[in-house]
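Please find below some notes on the model you sent. They are set out as numbered points.

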Amino acid sequence: MNEFIQKRNDLHVFENLESNVRSYCRSFPTKFQRASGYQLWDMEGKAYIDFFAGAGALNYGHNPPEMKKKLIEYLTMDGISHSLDMATEAKESFLTRFNDVILKPRGMNYKIMFPGPTGTNSVESALKLARKATGRQTIMSFTNAFHGMTLGALAVTGNKFKRSGAGVPLNHTLSMPYDGYMGKDVNSLDYIESFLNDSGSGISLPAAVIVETLQGEGGINTASNEWLSGLADLCKTYGMLLIVDDVQMGCGRTGSFFSFERCGIIPDIVCMSKSIGGYGLPMALTLMKPELDLWEPGEHNGTFRGNNLAFITATAALDYWERPSFSYEIEAKAVLVRDVLEEIVIQVPELKGEIRGRGLMQGIAFEPGIAERISILAFQRGLILETSGTDSEVIKIMPPLTIERAGLESGLQILKECIHDIANEANLLIAQQ
Ligand SMILES: *Cc1c(COP(=O)(O)O)cnc(C)c1O
């Protein structure tokens, strides 16, 4: 590397000035400059295939041209940028389109709330509303759940390391085993119900249950359709509200717009963020059944609930969902991913990989250490891949939903090569012993 190039990718400004809390820049240590579709380029001009997609905030890829055009037009005509929660044309268009394209065709009747612009803001509003609506205090959540970093959302998050950052007790919550947590043959709902219907269990009835249909951050654990509909029944029986946190799995990550469409449940409250803004722009929604809309005006507030630039791109993003073929395309790409992962796992049995996930949120779980090695090697070869799970034991494949087949195949090819190289290294070590 010549000196000039080294300088262009130099990271000392971040090391000197930015807090130690920074994280992804450590996993992907270069300086990015441009991005388009499923690719990013750093200062050196090196291209990277993006199999991380902003943790699910870039489901439609980087700088999608049709959204960019609408955004530029809006900026050029001096459209409102920030509006608190005042009525604007951009917000009206979004609300109307969201109702027409998403809610109505699915027979859903939700009131739409704009909390602050992040996922954790939506979760906080959902928890607060559930407590207000039921007069109960406890929220039931699940092992390995991830719901965000603010105190309320952190209290329903499983990860010990993240929880320990709170500095105060995280209470009024109840963590229960997710589907599969007690082993393949145990239905954890039976265990949960045994607490709920026993007056000696020491547990007061929760206001709500908050659940991810597929745990993205927690290790790509998928709940079955039966388990999810059983959970919805349990909620009805015990008067608990069902909150689905669709912040990461929504907006098509698992194929359908909402991740819960596959099991036919209609949650009482739905949390959305990440890709709802469409262009990686901050925006969040909390959907609630109309009878739960018990807020007093201004009772839950926030300065950044009117990001009109996000309303413009969010509205444009809904165009994808007018075509039924969009879901089929996601499914077809998911099959391609699954086929390659199966091939890899069979080719390197010594790494004992276990395939997880569905849609364009899939991965392979390994013994701790391996997924992190894969991520490092992949980055060197121009592929951005994150790990997930408490021990970072799962390598996570979550490209933009709009990725072209060729891009998907190239990324998977790099992944395959990295895993083979790691298997070879391991075999060499064993041979030397
Ligand atoms: C990312 C995420 C959140 C938190 O969203 P932020 O925008 O980071 O606050 C909440 N729930 C789930 C399932 C997520 O993936």
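The points below concern a predicted model and take up a cavity, a helix and an asparagine in turn.

1. Cavity. The structure holds 1 cavity of 30 Å³ or more. The space in this largest cavity comes to about 50 Å³.

2. Cavity lining. Residues from separate parts of the sequence line the largest cavity: Phe114, Pro115 and Pro117, then Pro282, Met283 and Ala284, and finally Phe304, Arg305, Gly306, Asn307 and Phe311. By class, 8 of the lining residues are nonpolar, 2 are polar and 1 is charged.

3. Helix H10, buried side. Helix H10 spans residues 188-196, and its buried residues are Ser188, Leu189, Ile192 and Leu196. These lie on the same side of H10, because they cover an arc of only 100 degrees around the axis. What do the buried residues of H10 pack against? Their partners are strand S5 (139-142), strand S6 (173-176) and helix H11 (225-237).

4. Helix H10, N-terminal end. Asparagine 187 caps this end of H10, with a side-chain oxygen 3.0 Å from the backbone nitrogen of leucine 189. Leucine 189 is itself among the buried residues of the helix.

5. Asparagine 59. This residue sits in the loop between helix H4 (53-56) and helix H5 (65-76). Is asparagine 59 buried or exposed? Its relative accessible area is 0%, so asparagine 59 is buried.

6. Surroundings of asparagine 59. Leaving aside residues up to four places away in sequence, asparagine 59 touches Gly250, Cys251, Arg253, Ser275, Pro400, Leu401 and Thr402. With one of these, arginine 253, the asparagine 59 side chain makes a side-chain to side-chain polar contact of 2.8 Å.

Technical notes. Residues are numbered from 1 along each chain as its sequence is written. This is a predicted model: local features need pLDDT of at least 70, side-chain atom pairs count only at pLDDT 80 or more; totals for chains, interfaces and linings use all residues. Side-chain values use heavy atoms; hydrogens and water are left out. On a 1 Å grid over the protein atoms alone, a cavity is a set of points where a 1.4 Å probe fits but cannot get out, and a pocket is an open set with protein on both sides within 12 Å along at least five of seven lines; lining residues have an atom within 4 Å of a point. Grid points are joined across faces, edges and corners, and a volume is the space filled by probe spheres set on the points. Ala, Val, Leu, Ile, Met, Phe, Trp, Tyr, Cys and Pro count as nonpolar, Asp, Glu, Lys and Arg as charged, and the others, Gly among them, as polar. Buried means under 20% relative accessible area, exposed over 50%, partly exposed in between (1.4 Å probe, protein chains only). Helices (H or I, at least four residues) and strands (E, at least two) are DSSP runs, numbered from the N terminus. The arc is that of the directions from the helix axis to the C-beta atoms. Contact means heavy atoms within 4.5 Å. A polar contact is a pair of N or O atoms within 3.5 Å; within protein, one must be able to donate a hydrogen and the other to accept it, and residues adjacent in sequence count only if both atoms are side-chain atoms.
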